[in-house]
Structure formats: C-alpha cells, structure tokens
Amino acid sequence: MITYILRRLGAGLVLVFIVTAITFFLVHAAGVPVANNLAGPQATAEQIAAINAKLGLDRPVLEQYVTWISGFFTGDLGRSYFSSEPVVDAMASRLPVTLSVVVFAMIITLVISVVLGVAAAARRGPLDVVIQTIATISNVFPGIILGIVLVFIFAITLRLVPAVGYTPPTESVPKWLASIVLPAVVLSIGGIASLSAQIRGSMIDELGKDYIRTLRSRGVSERSILLRHALRNASGPAFTTFSLLFISLFGAALFVEKIFALPGYGTFGFTATVQGDLPIMLGLTLFAVCLVVVVNLLVDLVSGWLNPKARVS
Amino acid sequence: MSTTNELDTVVLAEDLDSPKRAGAFRRLLRNPLGIGALITLTAIIVLGQSAPLFGVHEPAFSSLDAVNAPIGTPEYLLGGDQYGRDILARLLFSINVSLISGAIGAGVSIVIGTVFGLIAGYIGRTTDAVTSWVFNLLMTFPALVLVLVLYPVTGGSYQIMMVIFGIFLAPGTYRLVRNMVVGVRSELYVDAARVAGLSNRRILSRHILFVVRGPIIISVAFLASSAIGIQAGLAFLGLGSTLVPSFGSMTGDAFANIYLHPEQLVWPSLLLALLTGSVILLGNAYRDALAGPQTPVRRKRTAPPLARREGASSAEATTPTAALLSVRNLRVRYPQADGGEKYVVDGVSLDVAPGEVVGLVGESGSGKTQTAFSILGLLPPEAGVEADVLSLAGESLLGVSPKEMRRLRGGVVAYIPQEPMSNLDPSYTVGNQLVEGLLSSMSRREAKRTVLELLERVGIRDPDRVFASYPHQISGGMAQRVLIAGAVASRPKLLIADEPTTALDVTVQAEILDLLRSLQNEFGMGVLMVTHNFGVVADLCDRVVVMRDGRAVETGAVRDIFHHPSEEYTRELVGAILDEETVRTDPAPAPGAPSAKEATR
C-alpha cells in the first residue's frame with residue numbers, strides 16, 4: 001500500500017517536471033519583455049540590462065529552469081518579478097479565498113446532486129425535467145453570463161449580498177459566507193448538471209439489478225434500498241465525476257473570482273500572466289499539477305476502498 | 001463553465017444505429033426546438049458574415065460624442081459604450097470571432113480525439129493503454145489554469161488560445177471514439193472486411209468512422225459552445241487583443257459600467273446566449289432525432305403496480321379457500337412502444353395449500369416468472385396487475401398498501417432467485433444483508449444468531465467465515481445456500497423459488513434440491529417452484545401448473561400429468577426430459593423425515 005502511494009507520488013513528480021518544463025520553455029519562447037514591463041517605457045538599455053541581470057534573465061534558459069526546479073526541491077519557488085514577494089507566500093495567502101469558493105461550490109453541488117439524482121431515480125417524472133433543465137441552462141449560458149445575471153439580481157437589484165469583494169472568515173463568518181455564496185452558486189451549476197445526471201443514471205442502473213429485488217423480497221424498507229444499497233453501489237462512478245469536477249472548478253474559479261473581484265488565484269494569475277511574471281505562473285502550474293496528482297491518487301484509494309473486491313485483494 | 005467530462009454522459013448514453021440516420025435530419029426539422037435553433041443559428045451566421053454591409057462604424061472607432069450614447073442615437077442604433085464605440089458595430093463584428101472560436105475549439109478536439117481514438121481503439125494493447133493514460137491525464141488537468149498560464153505564448157491571439165483549449169477538450173472526443181471503436185472492432189462486418197483483405201486504414205476510415213460519426217456530430221455542438229463560452233470568458237477577463245471586438249470583451253466593458261448603464265450588458269449577453277443556446281439545442285435536437293421517434297412514449301406514467309380487482313367476480317371465485325395462496329384470473333400487462341398494451345400473463349389461476357409444493361412450469365416467456373413476481377408484488381413499476389382473487393394466508397393482496405406488502409414479504413412470503421451471484425449486494429457482507437431483513441422483527445444480536453444458525457442449517461460448514469465474507473468471496477453454490485437461508489430466515493409460510501438451480505453446476509443442483517426438500521419438510525412451508533425443468537418437478541412437487549403464452553394450460557397432480565398429460569404441449573415438455581430415470585414413482589417422503597442424502601454436504 002505504502003509502496004503504491006510512493007510510486008504514484010513518484011510518477012507525480014515526473015509529471016511536475018514535464019509540465020513545468022513545457023510551461024517554462026513555451027513562455028520563454030513567447031518572449032514577454034519582462035524587463036521593459038518593469039522599467040517602463042522610458043527605461044534606458046542599461047537599466048533594462050541591470051534588471052535582467054538582477055532577475056537572472058540574462059542567463060541561458062536551461063540554466064534558469066535548473067535553478068527553478070532545484071528551488072522546487074528545497075521548497076523555494078522564487079520571487080515574483082514584479083512585487084518581489086516570495087511565490088510560496090503569495091500563493092499561500094491567496095489559497096484560502098479560492099479554496100473557500102471551490103469547497104463551498106462542491107458542497108452545494110454534492111448535496112443538490114445527490115438529492116436530485118436519487119429522487120429522480122426513485123420517482124422519475126417531473127424531477128427528470130428539473131435535471132434536464134439545469135443541464136440545458138448550464139450548457140446554454142456561459143458561466144460569465146450566469147455570474148453577471150446573478151450579480152445583477154442579488155447584489156445590485158436586491159442588495160442581498162455584496163456584489164464584489166471578500167471578507168475572511170476570521171473577520172466575520174456571516175460576511176464571509178455572503179461574499180462567497182454567489183460565486184459558489186455560479187460555479188456549482190455546471191457541476192450539478194453533470195453530477196446529478198450521473199447519479200440519476202447510476203441509481204437507475206442499480207435499482208434495476210437483481211439484488212435490489214431480492215432485498216425487497218425480504219421486506220427491506222424502500223429507504224434502505226435507495227440510500228443504503230443502491231446509492232452505495234452507485235457512488236463509485238459518481239465519486240470519479242465529483243473529483244474531476246473538483247479539479248476543473250479550480251480553473252473555472254479563476255473566471256468567477258474575476259467577476260466578483262475576489263482576491264484569489266483568478267485575479268492573481270490573470271495579472272501575472274499579462275505581465276509575464278514567470279515565477280508566479282510556474283507556481284500556479286505547479287499547484288495545478290499537484291492538485292491533479294493528489295486528487296487522482298485519493299480517487300483511486302477511495303474507489304478501491306468503496307469496492308470490496310478491490311479492497312480485499 | 002462546462003467541463004469536458006460532460007460529453008460522455010451526454011453522448012455515450014445514446015445507442016446509435018446507422019439506418020435510423022437517414023430520416024434523422026427530417027425528424028430534426030419537425031422538432032420545433034430544432035428548427036428554431038437552426039433558424040436562429042443561421043440568422044446569426046448570416047448577420048456575422050454580412051457585418052461590413054450594414055454601413056456601421058469600424059468596431060474599434062471611438063468618438064467622444066458617442067460616449068454612453070442612448071439607444072436610438074442616429075448612426076448608433078444601439079447606442080455607444082463608455083469609450084464612444086458603436087455597440088451595434090461591435091456586436092456584428094463579434095459574431096465571427098465567436099464562430100471562429102467555436103470552430104477552432106471543436107475542430108482541434110475532434111481531429112485529435114478522433115485520430116487517437118481510432119488508433120487506440122482499433123490497435124488496442126499497449127498503444128491503447130499509453131494513449132488512454134495520456135488522455136486521462138489531460139482530462140483531469142484544469143484546462144483553464146493552463147490556458148491562462150500559457151497566455152503569453154499565444155501573443156494575444158484568440159485563435160491560438162482556442163487551439164490550446166481544443167487540445168484540452170480532446171479527451172472527451174477521444175474516449176467517445178475509442179469506446180465506440182472497441183465496441184465495433186469485433187463486429188462481424190469488420191472481421192469480414194479484414195478477411196476480404198482491406199487495409200487497416202481503409203477499414204478505419206470506411207467502416208468504423210461511419211459508425212462513430214453520429215455521436216461525433218452531436219459532440220461538436222457541446223465542444224463548440226464550450227469553446228465559445230471559454231473564449232468569451234477569456235476576453236471578459238481582458239485576455240486577448242483589445243482591437244478584436246468580441247462578446248466577452250463587450251460584456252467585460254459593460255460590466256465595468258454596470259452601475260451607470262446596465263442596459264449595455266444586455267446586447268452582448270443576449271447574442272452570446274442565443275448563439276451558444278442555438279448550437280446546444282440544435283445538438284440536442286439532432287441527438288433526439290437520431291434516437292428515433294419512440295422516445296416520448298417512455299415518459300408515459302402508467303397504472304400503479306398494485307393489484308386491483310377488475311370486473312364482477314363470481315361467487316365461486318370469492319369463496320375463501322383453505323389454500324395458503326389463491327390466485328384467480330391473474331393478468332399482468334405491460335405498455336408497449338406503440339402505445340398499446342400487452343398481457344404477458346392472461347388469466348392464470350392456481351392454489352398452493354399449506355405445506356404443498358406446486359410446480360409452475362413452462363418454457364421461457366410463458367409468463368411463469370411474471371406470475372411469481374406479481375404474487376410477491378415485485379414487478380417493475382410500469383407493469384399493471386389485475387386479478388379476481390389474489391390472496392395469501394387469508395389476506396387479499398389486491399389494493400394492499402406498499403407498507404403492508406413489505407410486511408408480508410418480510411414474514412409470510414419469501415423468494416429464492418435464479419442467479420445467486422447477482423442477487424447479493426456486492427458492497428455488503430453476506431451477514432450484513434441477511435441480518436437487515438430480520439431487523440423489523442428482532443434485535444440485531446438475535447438476528448445475527450438466527451442468521452448464523454441458518455447458515456449452518458443450509459449446509460455451510462464455516463458459518464462465521466461466510467457471514468463475514470463479501471459475495472465475490474464465495475462460490476455460486478454457496479451463494480445460493482446463502483440466499484435460501486435469507487429466504488427462510490423469517491419462517492415464511494410460502495416460499496417462491498424462481499428456477500433455483502438453473503444457474504448452478506449439475507452436482508450442486510441436486511444438493512440444493514435436497515436442501516429445499518428438507519427445509520420444506522422441516523418448516524412445513526408451501527412452495528411455488530417456478531421451473532422449466534420437469535425433472536425438478538418430478539423430484540420435488542406435489543402438483544403442477546403448466547403455463548404457455550401467459551395462460552395456464554393444464555393443472556393437476558404430478559403423477560397424473562406425467563402419466564396422462566391431456567395437452568400436447570405438456571406431452572412435449574415431459575418428453576423433453578431426456579433421462580427417464582429422473583421420473584420418480586415412489587411417494588414423497590413423509591413430513592419430518594429428512595432424506596438420507598441430506599445428512600452431509
């Protein structure tokens with residue numbers, strides 16, 4: 001078991017190496033004039049050369065990458081070209097915002113999808129229409145439009161929640177919730193569409209199986225049939241979908257944070273990518289790779305545990 | 001923000017047959033939503049192509065006079081934005097940006113996904129394993145993060161951004177194509193093509209690509225709308241050249257102006273939603289058209305599954321009999337695809353006396369299992385059940401509430417299924433699921449003791465180990481013993497066994513029949529034995545009901561039926577027993593006396 005986890009993490013390390021290298025060399029090849037951006041339009045050639053020397057941009061590209069990757073192994077991801085803030089600190093300070101929104105969105109997605117999916121599988125009829133409508137809405141309206149519409153209705157017209165900005169939970173929990181509820185709702189709609197359809201489908205498959213009829217023949221209650229037996233067996237595929245959603249929400253969160261002016265990875269990454277702040281961009285890439293490696297590993301471990309056949313053997 | 005994995009659920013669910021496709025386009029045109037989407041999409045495309053002909057301003061031209069100009073200003077029909085640019089002009093010129101984005105995103109995804117999907121699915125083995133690994137990884141990546149990070153590489157060109165995004169959309173197409181190819185590869189006509197000496201490339205492009213093109217066309221809609229939405233999102237964030245007008249950048253500009261002029265948001269949002277909406281709805285309509293015309297029928301709600309009395313019942317029929325189970329004129333009907341109904345059981349009457357073993361015999365499709373399930377109340381919801389009399393242990397099952405029926409199933413009547421392995425929940429231990437059925441009448445500890453005793457009684461040597469085992473850890477014969485233990489655990493008065501030995505090895509079959517006989521003797525249960533095997537009937541039953549095409553064609557004592565079958569059909573069934581030796585002529589053993597064979601397993 002431990003060797004398995006170590007092997008997977010080792011493969012993850014190789015992935016970190018590949019993906020960051022691709023990002024590094026591609027961005028370098030694009031030739032963003034970082035020093036010019038920093039020094040401003042009136043800068044002299046000497047000033048620019050001095051900045052390049054200070055940031056190490058005058059050294060060969062390969063050497064720069066080796067410096068970065070060796071820093072990675074010592075936990076040092078360098079400093080932002082523009083703010084000089086250490087990348088690790090900058091990312092750590094913004095993670096709570098993005099994580100708040102994503103986790104809140106995942107909770108909404110999970111609760112609504114399970115309720116809708118199970119109920120639709122058990123009852124069919126009108127609930128199927130609800131699920132299809134959510135799916136169509138999420139497909140038809142791009143996320144930015146949904147976000148704007150919600151901001152307009154709830155923040156600007158009804159003034160129920162602030163339109164923009166973020167309040168940390170350490171300051172005020174109700175204000176924190178108010179500041180992340182709209183972004184989380186926008187994020188969760190696409191997830192609810194795919195997850196509830198997935199749960200409904202697997203539940204219908206499970207409810208049609210022989211063992212369900214046999215359990216019914218022993219007088220087992222309908223509630224136990226649905227929640228204890230069918231949902232339990234349907235949870236494997238649903239869990240995989242859920243984990244994929246979790247990862248993809250980090251990407252979608254970048255957009256939503258921008259709409260709601262939340263100081264998370266969205267605004268941060270956006271500024272960095274426009275300025276050509278490579279250390280920050282590599283930091284974000286690294287975060288994405290680690291997220292993928294860790295979540296995929298957890299999915300495999302949990303799926304194995306969910307399935308008794310895989311668990312025992 | 002749609003994700004790539006939605007594709008699978010949307011498209012893979014469809015079972016597509018190529019012949020249906022001929023009429024698909026015509027059906028699409030008959031669907032109001034489909035034709036509406038098609039007209040909207042065509043109108044938007046035409047508007048986009050003819051944008052320069054409208055005589056509007058250059059989309060990037062700004063004039064101080066037109067800053068936030070109201071709707072209807074001369075030369076600025078939809079007004080001006082906060083930079084004094086013509087909103088109508090920007091709107092018209094944005095259309096092509098969105099269309100090109102959709103085309104590039106979907107195109108890249110389709111080309112990459114299809115090429116690798118065909119190769120991996122057709123060649124299989126290592127090629128398949130490696131490509132599937134790569135695409136699975138690609139699929140889990142948060143595409144938007146990398147699109148954002150790689151923004152400098154694009155030099156601000158939205159076209160290159162869409163190429164990158166298209167690569168991240170490819171896994172959805174890849175999985176779709178690969179899975180379909182794997183399914184098609186072993187089809188006979190592909191084998192035939194291979195035998196006929198066609199090259200792999202030709203088989204792939206001619207035969208296999210033909211089959212997968214339907215789902216690919218459907219997925220184009222989702223891919224394109226996804227790409228359009230992402231391009232809009234990126235432009236909304238301000239990524240991309242400011243010179244290129246697009247719905248996203250217009251929405252972004254207007255959003256910054258939302259407190260002053262919220263109406264400026266309406267136009268780009270509306271057109272963007274109309275565009276993605278018509279693409280998606282057109283895709284949906286095409287999918288529905290391919291699925292064929294029978295889809296709406298499935299939605300119909302049918303009569304509740306409860307048995308109910310229908311028509312006047314004769315005095316003879318209502319007279320309560322001494323029977324444990326009494327069935328008169330049972331009918332089971334199912335709705336058909338054409339909207340009509342079909343009776344799969346049509347007027348069956350039978351009785352089971354306490355302690356009597358009755359065989360219900362017939363070939364596959366004769367309605368015997370449907371008869372059994374309607375007594376148990378376990379037919380699927382779309383089945384309709386009617387009878388003049390359907391009573392069990394003196395209680396009528398007609399119109400009984402689901403709760404009451406559940407109580408009867410937990411105590412009075414029990415069921416042994418045909419296929420042992422699929423009838424155990426794979427996620428719970430054997431003990432766990434057997435105990436659950438008993439909890440309504442006893443404590444957990446008591447239930448566990450009862451189950452352990454029963455496991456031993458049904459001939460399991462190591463009850464504690466089997467109790468703690470998962471279904472996949474025990475053999476089929478063992479699983480059938482477990483199911484028998486589960487059925488008799490509540491001491492039912494009537495046991496309904498549905499072909500309890502058919503799925504088992506021949507040697508195990510005899511042991512299971514012995515076990516059933518001895519349990520029947522010990523508990524004095526009535527048994528309704530559903531089978532197609534007259535050998536089993538001869539071995540176990542007192543009386544027999546022969547069914548054919550949903551009707552009971554002959555009823556009588558086993559010996560009479562064997563020696564003087566009155567129906568030709570029964571004669572054929574009896575004749576189907578090859579081994580005449582299995583026909584027993586000695587009387588059944590006296591109740592309470594276990595047979596010699598049963599002592600050990």
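The entries below take the helix and then the sheet.

I note that this is a predicted model, in which local features need pLDDT of at least 70 and side-chain atom pairs count only at pLDDT 80 or more, while totals for chains, interfaces and linings use all residues. Residues are numbered from 1 along each chain as its sequence is written, and chains are lettered from A and ligands numbered from 1 in the order in which they are written.

I looked up H17 of chain B, residues 444-457; helices (H or I, at least four residues) and strands (E, at least two) are DSSP runs, numbered from the N terminus. I found B:Ala447, B:Val451, B:Leu454 and B:Leu455 buried, that is, with 20 or more other C-beta atoms, placed from the backbone, within 10 Å of their own. Just after H17(B), B:Gly459 has a positive phi of about 95°.

**The sheet.** I read an open sheet of six strands in chain B, ordered E7-E8-E9-E3-E10-E11 with mixed pairing; two strands pair if DSSP finds at least two bridges between them. E7 (413-416) and E11 (551-557) of chain B are at the edges with a single partner strand each, so one side of each lacks a neighbour in the sheet. E10 (residues 543-548) of chain B runs antiparallel to E11(B), joined to it by six bridges. I found B:Arg543 opposite B:Ala557 of E11(B).

Terms used
Expected span 1.5 Å × (residues − 1). Buried ≥ 20, exposed ≤ 12 C-beta atoms within 10 Å, placed from the backbone.
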